[in-house]
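Try each task before you read its solution.

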Amino acid sequence: MGKYRFALGLYSVRKSLAEDMAGTLKKVAAMGYEGVEFFGGFTHEAATVRKALTEAGLELAGWHTQWAQVQPDKIFETLAYFKAIGNKNVIIPGLPAGMLATREACIDTAKKFNVIA
């Protein structure tokens with residue numbers, strides 16, 4: 001294999017994924033992708049996701065995670081799920097309005113990320 005490895009953001013196949021996760025992952029692997037990146041909430045049990053990834057021969061490149069899922073009331077549940085599926089890359093693709101609006105807001109947001117980390 002070359003020096004570059006490719007993963008597919010599963011949002012691009014979200015309709016197929018919702019209908020048949022395991023089958024969609026196998027099709028993604030057949031296209032030549034080595035990994036995938038999930039998104040959003042947890043719609044399947046962790047064991048089901050882990051099994052589907054293994055059966056498709058895909059690695060988990062990361063998960064686009066909603067800001068709400070890393071807040072104090074949800075973070076331990078989120079981390080337990082990610083640990084169960086083997087996810088090491090938590091991507092926060094967007095933040096609530098105002099979190100980057102000013103210098104002070106950016107500093108406060110950075111402090112929040114430090115606490116989460």
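The exercises cover a helix, a sheet and a set of salt bridges.

This is a predicted model, in which local features need pLDDT of at least 70 and side-chain atom pairs count only at pLDDT 80 or more, while totals for chains, interfaces and linings use all residues. Residues are numbered from 1 along each chain as its sequence is written, and side-chain values use heavy atoms, with hydrogens and water left out.

**Exercise 1.** Find the buried residues of helix α3 and say what they pack against.

*Solution.* 
- Locate the helix: α3 spans residues 46-56. Helices are DSSP runs of H or I with at least four residues, strands are runs of E with at least two, and both are numbered from the N terminus.
- Pick the buried positions: Ala46, Val49, Ala52, Leu53 and Ala56. Buried means under 20% relative accessible area, exposed over 50%, and partly exposed in between (1.4 Å probe, protein chains only).
- Check their directions: they cover an arc of only 135° around the axis, so they sit on the same side of α3. The arc is taken from the directions that lead from the helix axis to the C-beta atoms.
- Turn to the other side of α3: Ala47, Lys51 and Thr54 are exposed there.
- List the packing partners of the buried residues: α2 (21-30), β2 (35-39), β3 (59-64) and α4 (75-85). Contact here means heavy atoms within 4.5 Å.

**Exercise 2.** Give the strand order of the sheet and name its edge strands.

*Solution.* 
- Read the order: the open sheet of 4 strands runs β1-β2-β3-β4, with parallel pairing. Two strands pair if DSSP finds at least two bridges between them.
- Find the edges: β1 (7-9) and β4 (90-91) each have a single partner strand, so one side of each lacks a neighbour in the sheet.
- Leu8 stands opposite Val36 in β2.

**Exercise 3.** Which salt bridges does Arg5 form, and what do they tie together?

*Solution.* 
- Apply the criterion: a side-chain nitrogen of Lys or Arg lies within 4 Å of a carboxyl oxygen of Asp or Glu. The structure holds 4 such bridges.
- Take Glu34: its side chain meets that of Arg5 at 3.2 Å, N to O. Glu34 lies in the loop between α2 and β2 and Arg5 in the segment before β1, so the pair ties together parts 29 residues apart in sequence.
- Take Glu59: its side chain meets that of Arg5 at 2.6 Å, N to O. This pair links the segment before β1 to strand β3, 54 residues apart.
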